[in-house]
Structures are given as C-alpha cells and as structure tokens.
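I set out to record, entry by entry, what I looked up in this structure. My notes follow the order in which I turned to each part.

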Amino acid sequence: MTISPESFSETRHAAGRPERALVRRIGTEMEAYNGRQYQNCSVLQFDGAEYLFSHRAILTLVTTATCNAACKFCSNEITFTPNGPFLEMTPSLERTVDFALLAGVSKVAFTGGEPTANPSKLARLVGAVAPRFQRARLHTNGFGLTKTVETADGRSQLLPALIASGLTGASLSVAHHETEANRRLMRIKGNWGGMSNDDIRWVAAHASALFTPRLSCVLSSEGVHKLDDILGYVKWGAELGIKKFIFRSCSQIPEPFQKATEYSDFNEAEYIPIEPLVQEMRALEGARETYTQHKSDSHVHVFQLAGGITVDIDESSEEEDPDPKIRRLNVMPDGVAYTSWIDPRSHLFPDDADQVSTTIRRELPLLAAR
C-alpha cells in the first residue's frame, strides 16, 4: 500500500525522527494527489516510504486467533487470520502504534479470537496501548472479564483493571438472549456457557461517562433476524442495564479470499439484508434515525429509542481497496500490520514480506498464485 514519493509543504516531524513526518492533510474537499482525487486523508512519510491514510481509519489489534467458542458466524474462520502468540508490546507493534498516532488515528480496538482468554497478557497490552488513544474498545464474548489480574495497585478483576488503563468501551458478543439459542449459535467450549444475565448486569454496572458497554449480535435465520427479535433482544438487554446495541449481518467475503469451511457456508447462507429491517425500524413509533452511512462496503443505520437506548443496524462486506488510500490498520497474531481484513498481501511495512509469504502459504494457498 505504499505510493511513490512526492514533495509537499506543511511537514511535521514525529518525535525528532525526520524520516517520520505528516506531510499533508486532505480535508473534506476533494484534492488531487498522484493523478487521483481524494478527501479525508493524510500523506505520511514513514521509514523511507510514503503512505496515504484515511482520517476515518482505526487501529485494530487482533490479540490472538485462539477462541473458546466456535461461533457459526465467525469471520475469522472464513478468511485469513494467521496464528501466532498473544500480541505483546514488541518493537514491531510499537512501530505500528507510532505510525497510527502520526496518521492521527484516535481509536484502537482489541479483538481476537477471544482476548480475555489470557487476562494477564490482555491487561498488559491494553495498559501499554490504550492510554495513547482517545478511545479504546474491547470485542469479547466476556469469558475472562471477571478473572483476577495483577496491577500496579494490586489484584483486580480484569474489566475494572482495563477501564483503569484507559478502556472506553466493550462490545459483548451474545448471539441470542435465550440461553440455549445462544449456546447453539456460539458453540462455546467447556463448562462456561456464555455470559449470564448476572454477568451482563455486572458489566453494565461499570458504565460511566468514560466507559460504555454494548451488546453485539450477528443476524441469522437461526437466531435474531426479524424486527420483533431485535426489539425482544433490546428489551432483555435494557432490563440488565445495557443502553447500546449493535446488530450486524453475516460478513460477506469475496470468493478468492474465502476459506472453504463450514463457516463460509453459514455466512453465505445466513446473510440477512438489513434494508427491510431499517425500513421497519423507521416506521416504529418512538424510533429516531440519528445517523446513516452508505458506502460500497458498509451500510450503517443508528436509531435512538426511548430511555436513551441506541440501536445500530449494520451490513458490511469486504472488498479489495479501490485505490492506494489505507482505510484500516489491523495487526494480526503473526505480528504483521495489514491494511485489509481479507488480503494477506496488504502488509503495511515492506520488511514483513517474508512473514507474509509464510502466512499466504499456510492460510490461503489459493492466493499464493495470485
């Protein structure tokens, strides 16, 4: 995703490093760059290369590929998610964080696999990264949130320790508000059956001006897929103290980037278009649409309901980037920073090429010939 160098004014150097600089900001008005029109992005010089980076991009740290569940809708199992040790603050990750901060990234997300399956390592990673960003969100099925970790102030349960380190949000994956339906869809391994009502109520009690929990549900015909299902789920969650909800369609991945797995079959067969749900929500008494975004790879609709309840209905797909502008920044468990969820050739830094070749051979053999 690098592009050829070009000289601009408004250069700002990063931490005394002349080879790392914010060169140019492009705002809401379209501007020409290398023969194409762009908006809402910045031009960076970083360690000898030049990059065009979206102002809307976030940094996502895929802490581990390991998970204690086998959710039928898992996006990790339909495209590449390279294996590796749990992410730690190595020089490689430090470089990626430095890049993100220079680019103006304000949000970081911690996901997996299941990040809380290793509470101590997650606490260290969040403590090292979250304070450097304005917002930091954890995506989790909740497995380890009540586990005890060591902190500088003594022993603490994981969730309050993460909040104290700068975590500003947690997205709790619950596929259905009925216990048995949730077990069937998430296929959680071992004796732990998923978050109980008491667990969710405990997380909700940590809500504050600095920390916002939400419930996350993937739409499917085996679970939540009608407006009545959504409203029933919201009513259940609100009674437990949750005020924010997100409902998403199954991920759509272009065939050349798909793994041939049961998860790919499920995501293809269980895709629920959101437009009919959005139209029904618009007609719902007391529902007010507060935000809409329509892009080629993402449709987002946000509704405000009575009692301060917020409901997001999202439909997303993945596609190859149409131009050199970097729209996302994902660090995978192999330690490599990628600019695409689906394409392992999209590594950010040239010196990761050997690791990327290994990933392609192991994760997506079909791409090796591309």
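**Notebook entries**

I began at a loop: Gly-113 lies between S8 and H2. I noted that the model is a predicted one. The peptide bond that joins Gly-112 and Gly-113 is cis, with omega at about 25 degrees.

**Entry on helix H2**

I next looked up which residues of H2 are buried, and found Pro-119, Leu-122, Ala-123, Leu-125, Val-126 and Val-129. They cover an arc of only 170 degrees around the axis, so they sit on the same side of H2. As a general point, an α-helix has 3.6 residues a turn, so residues three or four places apart point the same way. I then asked what covers the buried residues of H2. The cover includes helix H1 (91-103), H3 and several strands, among them S7 (59-62), S8 (107-111), S9 (135-140) and S10 (148-151).

**Entry on the packing of H2 and H3**

I looked up how helix H2 (residues 119-129) packs with helix H3 (residues 158-165): the angle is about 15 degrees and the axes are 9 Å apart. Angles under 35 degrees count as roughly parallel, and H2 and H3 are therefore roughly parallel to each other. Their crossing is right-handed. On the H2 side I listed Pro-119, Leu-122, Ala-123, Val-126 and Gly-127, which meet Leu-158, Leu-162 and Ser-165 in H3. By class, this contact of H2 with H3 has 6 nonpolar and 2 polar residues, and no charged ones.

**Entry on Gly-169**

Is Gly-169 buried or exposed? I found Gly-169 in strand S12 (residues 169-173), and with a relative accessible area of 1% it is buried. Leaving out residues up to four places away in sequence, Gly-169 touches Ala-136, Arg-137, Leu-138, Phe-211 and Thr-212. I also recorded that Gly-169 and Arg-135, 34 residues apart in sequence, are 7.7 Å apart in space, C-alpha to C-alpha.

**Entry on Thr-261**

I located Thr-261 in the loop between strand S14 (244-248) and helix H7 (262-269). Setting aside neighbours within four places in sequence, I found Thr-261 in contact with Glu-77 and Ile-78.

**Entry on positive phi values**

I looked up two residues other than glycine with positive phi. Phi of Asp-47 is near 50 degrees, and Asp-47 lies in the loop between strand S5 (41-46) and strand S6 (49-54). Asp-47 is partly exposed, at a relative accessible area of 34%. Phi of Arg-187 is also near 50 degrees; this residue is in the loop between helix H4 (179-186) and helix H5 (197-204). Arg-187 is partly exposed, with a relative accessible area of 27%.

Note on methods
Residues numbered from 1 in each chain as written. Predicted model: local features only at pLDDT ≥ 70, side-chain atom pairs only at ≥ 80, totals over all residues. Heavy atoms only, no water. Axes fitted to C-alpha atoms, helices over the stretch in contact; angles between N-to-C directions. Helix = DSSP H or I, 4+ residues; strand = E, 2+ residues; numbered from the N terminus. Parallel < 35°, antiparallel > 145°, perpendicular 65-115°, else oblique. Left-handed = near helix turned anticlockwise from the far one by under 90°. Contact = heavy atoms within 4.5 Å. Nonpolar A, V, L, I, M, F, W, Y, C, P; charged D, E, K, R; others polar. Buried < 20%, exposed > 50% of the residue type's maximum accessible area, 1.4 Å probe, protein only. Arc of directions from axis to C-beta.
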